[in-house]
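Please read the following explanation with the sequence and the three-dimensional view side by side. It goes from sheets to helices and then to the ligand.

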Amino acid sequence: MGMVRTAPQAPGALPLLGHGLALRRDPLAFMMSLPAHGDLVQIRVGPVRALVVCDPGLVQRVLTDDRTFDKGGLLIERVREGLGNGLGTCPHGDHRRQRRLTQPAFHAQRIPAYAEVMTREAARAVDGWTHGRDIDVLPVMQEIAARTTMATMFADTPGTDTTAVLESFNVFSHGIYQRMLLPHPLDRLPLPANRRYDQARAHLHKAIGAIIADHRARGVQGADLLSMLLTTSENGQRLTDDEIADQVMSFFFGGIETVAATLAWALHEIARHPQVEQRLHAEVDAVLPAGAPATFDLLPRLAYTGRIVTEILRLYPPGWLLTRITTTPTDLDGYPIAKGATVVCSPYLIHHHPDLHPDPERFDPDRWMGQSATGRNGLLIPFGGGARKCIADTFGVTEATLALATITARWRLTHTPGTDVTPALVNPRGLHMRPTTREPTRTRTM
Ligand code: HEM
């Protein structure tokens, strides 16, 4: 009888919790410790075993074979409980249909109209700033992203209290990660954290139900995703309100934290790198007349701003943990893998690999001279890959680039003295910055 090869195990598993505690305390450091043990490393979260894929070629294989490596596994299961069966969470069997229904909303021809909303929302945010008055950066960026997502995807939602929805959304998304690492029975204990999570989830569902009802009642026939979903039919059958609500949740969840974290980290790194700041200011001053907001037609001339966005997506990929579940027995790198195994890929790990990105911790936008964040080389995977690749990759990059240019054309941001940024996963919590009005630079260098 031949020996069956098993992937090496990560050291430090605790009884019961396994590596759950390490993933709670310092998830990114834990991830980064894994490649030292192999291209494929076993970890344990509570009773669940998972295989972490550390090699970029193997990651590509997992992401592009979505029939074998289906959406599932510890993270997605928990996300599904909260978000339902929308585009981001549904299994392979439902995915082609759901993607076909939603893809037209992301057609290249739609982006210029969305860009008008992106510009408007970024401009609205910076208009409200006061010279010398500190801002808490992450919530401000979340507000820009939430308003943009809501206006582009769900048209006007006059009755929605965006701030309240955002608060619930934050409690909810934080809760999903915590739950992933804890045994299921703990969900049902009457703990304050569970109550807060349940309330936030109920509030989000109610708000989304109201958005859908309002759309129907007013007969909105816009070019937004929600109008499309409400009017589409397949074989004479309309989507049910529950199906539509699941989609809205998926897009809400996908579109806010990702863009907000990208913008917040960008402002943080720019303030820490005076030479980058200088080049960025020179570019926005040359391209945007007298601090005017950035518009879609100017994007080709905002190349340096775009490179900053790409480099931020490398250093701080918002989707840092992607989980899959095997639908049949398979193998990876010669290791047999049973059906139903959880497989984990981490763009963060690939993006910080010193063989792939020399001096990986250095913030250097010029790495991306002539390349794009949505490219296909497998070394830069902030949007994942294969059939489950982010549906809004171009949308997200466009939004981040326009917002960053709009902000920095008007304001210079420096860290508030004493500010202490703690990366809470890949969100910069506690990032407080002080905007000061800018005098445009006179040089037209880039
Ligand atoms: C910088 C911005 C963004 C980043 C880094 C990002 C990242 C990602 C990643 C990594 C995935 C794949 C997840 C997986 O393979 O498990 C994904 C999927 C997805 N994203 Fe994004 N995203 C961004 C912006 C957005 C925006 C703005 C929206 C909505 C307006 C959005 C909606 C979605 C949806 C619906 C999916 C699921 C796609 C599918 O399974 O077919 N994302 N995103």
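The model is predicted: local features need pLDDT of at least 70, side-chain atom pairs count only at pLDDT 80 or more, and totals for chains, interfaces and linings use all residues. Residues are numbered from 1 along each chain as its sequence is written, and side-chain values use heavy atoms, with hydrogens and water left out.

A few conventions apply to the named elements. Helices (H or I, at least four residues) and strands (E, at least two) are DSSP runs numbered from the N terminus. Two strands count as paired if DSSP finds at least two bridges between them.

β1 and strand β2 (residues 48–53) run antiparallel and are joined by six bridges, with I43 standing opposite A50 in β2. These two strands form a hairpin with two residues between them, and G46 in the turn has a positive phi of about 60°. On to the next pair, β2 and strand β10 (residues 342–345) are parallel, paired over four bridges; L51 has V343 in β10 as its bridge partner.

Two bridges connect β4 with the antiparallel strand β14 (residues 432–437), where H432 stands opposite D136.

Two packed helices are described by the angle between their axes and the distance between the axes. The axes of α13 (residues 274–287) and α16 come within 9 Å and cross at roughly 95°. The two helices are therefore roughly perpendicular to each other; angles under 35 degrees count as roughly parallel, over 145 as roughly antiparallel, 65 to 115 as roughly perpendicular and the rest as oblique. L280, H281 and V284 of α13 make the contact with A405, T408 and A409 of α16, where contact means heavy atoms within 4.5 Å. Of these residues, four are nonpolar, two are polar and none is charged. Ala, Val, Leu, Ile, Met, Phe, Trp, Tyr, Cys and Pro count as nonpolar, Asp, Glu, Lys and Arg as charged, and the others, Gly among them, as polar.

The ligand remains to be described. It is surrounded by 24 residues, the closest being H95, R99, R324, R388 and C390; a residue is near a molecule if one of its heavy atoms lies within 4 Å of it. The shell comprises twelve nonpolar, seven polar and five charged residues.

Which side chains have an N or O atom at 2.7 Å or 3.0 Å from a ligand oxygen? For R324 the distance is 2.7 Å, and for K71 it is 3.0 Å. A polar side-chain atom of R388 lies 2.9 Å from an oxygen atom of the ligand. The elements giving two or more residues to the shell are α5 (92–102), α11 (241–255), α12 and β7 (322–326).

Conventions. Polar contact = N/O pair within 3.5 Å; in protein donor to acceptor, adjacent residues only side chain to side chain. Axes fitted to C-alpha atoms, helices over the stretch in contact; angles between N-to-C directions.
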